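Have the structure open as you read.

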Amino acid sequence: MSEDVLLQEARRWVRDARRIAVLTGAGMSAESGVPTFRDAQTGLWAKFDPQQLATEDAFRANPKMVWDWYAFRRDMIAKVEPNNGHRALAAFAQRHPHRMTLITQNVDGLHQRAGSDGVLALHGNISEDKWLDVPKGCCNTETAMPGSPPRCERCGNMLRPAVVWFGEALPMQALIAAETAAQECDLMLVVGTSGVVYPAAGLARTAAGRVVIINPEPTELDDAADAVLRGKAAQLLPLLLED
Ligand code: BJW
């Protein structure tokens, strides 16, 4: 089937679906200028080993290096804008209240900045901090000693980015809501994710309805798809979601 015929077929599925779940990954923000994680040449982890940076063990072993990596990414994200893909999703949800559940693995907040409400952010939010160890009475973010990372001036507890690292549990309410959306949808759009990180990737495998993948490259989830649209999110989503 030609790409154009596939797109028209997927547009019909969007039109006919009562409940649509959307699962997004790093490729969703690529056209905003945010590097993906695993693209060989350009991904953030072409230069860094994720297992060394995105874990609690790594942070405890080298808090300054990991904090600085996140500080660099925060600065970069603050300078970019949502793209036409983020905007198309937000506009669709506004035109069709209660039809779409937006689930993202991204920590960049670009869906929210594009105007999407109720985003299920499975991997947290890079612009927020939380305490590494259970905070005591003395742990006050207002009075934390500045540094890389900031620390409690009394007990030395460190602030860390409020993201989900490997081996950590996802936020339970968001995960349950995402699982429910997958099990109740007529259509799931899987946009810009390699599909290698669980439990997020598993949502596509439990989707009750059809699955459409939007990605310029093959993914681990292609075998679960009813249609694979080979293209970029910011280009294809506006075409797929226009009325
Ligand atoms: C475009 C594009 C364009 C480019 N348009 N597309 C089952 C099986 C095996 C392992 C596990 C399992 N269950 C759990 C695990 C372990 C682990 C895991 O999945 N490991 C695998 C790597 C093997 N999972 C976990 O540890 C999770 N926790 C957990 O399971 O806890 C259990 C527990 C329960 C109770 C108590 C305690 C524990 C946590 C996973 C957390 C992932 N965190 C990260 C880092 C977040 C912080 C940060 O940002 O630094 O999340 S890892 C990283 O990967 C980040 C991403 O959200 C995530 C997914 O990556 P994504 O989005 O798919 O990006 P890429 O780069 O991989 O792909 C980009 C795609 O875009 C590519 O396909 C491109 O082609 C495409 N693209 N341009 C559209 N313009």
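This is a predicted model: local features need pLDDT of at least 70, side-chain atom pairs count only at pLDDT 80 or more; totals for chains, interfaces and linings use all residues.

## Around the ligand

A polar backbone atom of Glu168 sits 2.8 Å from one of the ligand's nitrogen atoms. Ser194 brings a polar side-chain atom to 2.5 Å from an oxygen atom of the ligand, and Asn215 has a side-chain N or O atom 2.8 Å from a ligand oxygen. How much of the ligand does the protein bury? On its own the ligand would expose 1500 Å², and the protein buries 75% of that.

There are 36 residues around the ligand, and the ones that come nearest are Arg38, Tyr70, Arg73, Thr193 and Ser194.

## A cluster of rings

Now for the aromatic rings. A pair of them is described by how far apart the centres are and by the angle between the planes. Here the count comes to three aromatic pairs. In one of them, the ring centres of Phe59 and Trp165 are 5.5 Å apart and the planes meet at 40 degrees, so this pair is tilted. This pair ties together distant parts of the chain: Phe59 belongs to helix α3 (residues 56-61), while Trp165 is in the loop between β5 (159-163) and α7 (172-184), 106 residues away. Both Phe59 and Trp165 are buried.

Trp69 and Tyr70 make another pair. Their ring centres are 5.1 Å apart and their planes are at 75 degrees, which is over 60, so the pair counts as edge-to-face. Are these two buried or exposed? Trp69 is buried, with a relative accessible area of 4%, and Tyr70 is buried with a value of 4% as well. Put together, Phe59, Trp69, Tyr70 and Trp165 form one aromatic cluster.

## A helix with a buried face

Next, look at helix α9, which covers residues 233-241. Which of its residues are buried? They are Ala233, Ala234, Leu236, Leu237, Leu240 and Leu241. Looking down the axis of α9, you'd find these buried residues within an arc of 165 degrees, so they line one face of the helix. The spacing has a simple background: an α-helix has 3.6 residues a turn, so residues three or four places apart point the same way.

Definitions and conventions
Residues are numbered from 1 along each chain as its sequence is written. Side-chain values use heavy atoms; hydrogens and water are left out. Buried means under 20% relative accessible area, exposed over 50%, partly exposed in between (1.4 Å probe, protein chains only). Helices (H or I, at least four residues) and strands (E, at least two) are DSSP runs, numbered from the N terminus. The arc is that of the directions from the helix axis to the C-beta atoms. A residue is near a molecule or strand if one of its heavy atoms lies within 4 Å of it. A polar contact is a pair of N or O atoms within 3.5 Å; within protein, one must be able to donate a hydrogen and the other to accept it, and residues adjacent in sequence count only if both atoms are side-chain atoms. Accessible areas come from the Shrake-Rupley method with a 1.4 Å probe; for residues, only the protein chains shown count as cover. Rings of Phe, Tyr and Trp (its six-membered ring) pair if their centres lie within 6.5 Å; planes under 30 degrees apart count as stacked, over 60 as edge-to-face and the rest as tilted.
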